[in-house]
Amino acid sequence: MYGEGRAVCLGSDVDTDRIIAGRYLRTRDRALWAAHVFEDLDPTLAPRLKGTVLMAGKNMGCGSSREQAVIALKEAGVVAVVAPSFARIFYRNAINIGLPVIECRVACKEGARVRFNLAEGWVEVDGSRCHATPLSPKMLAILQAGGLVPFWRNHQ
Amino acid sequence: MPTLSERILGAPAGSYVDVPVDRAIAHDGTGVLAHQAFCEMGVRGIRRPECTYLIFDHIAPANTSTTAGLQRELRQFAREQGLTFCDIGTGICHQVMAEGIVRPGEVVVGADSHTCTLGAFGAFATGVGATDMAAIWASGSTWFRVPETIAVRFTGRLRGAAEAKDAALAYVQALGMDGANYRALEFVGDGIASIPMAGRLTLCNMAVETGAKAGLCYPDRETTEYLASFGVEAEMQVPDSPRYVKEISLDLSSLTPLIATGHRVDHVQEVAELAGQPLDQVFVGTCTNGRYEDLLRLSRVVRDRQVKVRTIVVPASRRVLERITAEGILSDLVRAGCVLGPPGCGPCLGAHLGVLGEGETCLSTANRNFVNRMGVGGEILLASVATAAVSALAGEVTVPGVADVR
Ligand code: SF4
């Protein structure tokens, strides 16, 4: 699974309340989540996310189980999320939604070109490559199918 | 020897397992997305409706017509599928499931991060997202990586005004917000025996604040007696020198009232350090501290007195509300000036019923104090019921004393 995008750097312990606030949850309108993503962290971020790879600090996506957080990122055009560690529900949600998540310890350079290959387990930032924690075969299969819903449909 | 998680999941830490789910729980928040994913999967029926629970607690009753519309659809779905449906007012899903439903040794999965609360019964209880829940509805099972376990060993007994909530804040501080990421916690040691079920639920509830997948207590006499009061028989289990990847030790007898500040659950201080800070609101409730024992404790402090700031009390379940009503606790609280919300999450997630305004501070008995969680521009301080109670009376952060909680 290959992908690439421009780096956007984030801090550590970014909680799901800050990815999408509780006040926007009562809807099924995905465009609304994309429009308000990161509003409480940096209101200028949402329109700049298309084609980016988020490079967060440790414990990315901690807090509530809200899947709207990963949906919002995907809808806003985020290609993948890279972090040294993820909160487990966020990580699992991302795979289920088909948003590549890559556990890897690498320094972020704002705007740098990031390339990754999940099946091969590497991330490259401005040409320097580092190894990512491999996904389990099941997780990789779900991600390759585009998420748990299409994965399920294929396996019926 | 195996940890409790390894025993329940039937495999050593690090392995991947597919396991049947004994209790699958969703609420009005995550249920909407789970329902959508379920329909998109093209599945017609829930595989094991007898193990499936849909509990309306997050925005209950509905605050807008949009919410009401989404809830209407979910209600309809619940009726068609024959699952257990609990409408608004039944209570917070984790509390409802703790009232004689979840048993030791079960695999409990909820589309809510605080599902770990139910580990207090010696169940493997963990939170997932909505799409995972849809797949569980469809298949009756799910996959896990069996977690390694960190032991949180309690010695001594709680003294003075300290309560289980302070012990929870202390271990979150010790481990940090990601200190147990991907791992399970086991609460062990002589100290745990002295903590009643209500307090164990509080301890397990906050396991996810350290990133843990689950937080478990071994079922002992307290567990079996508690479950027997609901007519449920259960067996005790004891640790058998389990393999822990790490162990921390906390002396309950040296604990003093604590408070989490600065928008971080692991940023924990002595309440004394913040004494005198003015408050705009006090909130007693949630899946952390909205149980009967909590409201009884609150009433003992505020009875025959008057709160100085607006104080919102939300019982965690209808059963809690019934009991505090029958015992006169409710009228004590109302006479003291507290405002009662319907059983459910109340203002905890900042969606309705008691959100904060810009610049306001709320002392809350909940489990999260993230930026803007209870309203844009508001600040949340997390503390125990005793601290909330004395602070409500004073209108400012106040250290509870032994005399207050007697
Ligand atoms: S009370 Fe708060 S923390 Fe508990 S389930 Fe409800 S919203 Fe979540």
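In strand 4 of chain A, the residue I102(A) stands opposite V82(A). Strands here are DSSP runs of E with at least two residues, helices are runs of H or I with at least four, and both are numbered from the N terminus. Two strands are said to pair if DSSP finds at least two bridges between them.

Please note that this is a predicted model, in which local features need pLDDT of at least 70 and side-chain atom pairs count only at pLDDT 80 or more, while totals for chains, interfaces and linings use all residues. Residues are numbered from 1 along each chain as its sequence is written, chains are lettered from A and ligands numbered from 1 in the order in which they are written, and side-chain values use heavy atoms, with hydrogens and water left out.

Let us turn to the whole sheet. Seven strands of chain A form an open sheet with mixed pairing, in the order 4-3-2-1-5-6-7. Strand 4 (101–103) and strand 7 (128–131) of chain A stand at the edges with a single partner strand each, so one side of each has no neighbour in the sheet.

Next, how many residues does each chain bring to the contact? Chain B gives 47 residues and chain A gives 41, where contact means heavy atoms within 4.5 Å. The area buried between the two chains is about 3,800 Å², with 54% from carbon and sulfur atoms. Buried area is the accessible area, for a 1.4 Å probe, that two parts lose on being put together, summed over both. L33(B), W143(B) and Y182(B) supply 17% of the area that chain B buries against chain A, more than any other three residues.

Finally, we come to charge. Six salt bridges are counted between chain B and chain A, each being a side-chain nitrogen of Lys or Arg within 4 Å of a carboxyl oxygen of Asp or Glu. One of them links R92(A) with D132(B), whose closest N and O atoms are 2.7 Å apart.
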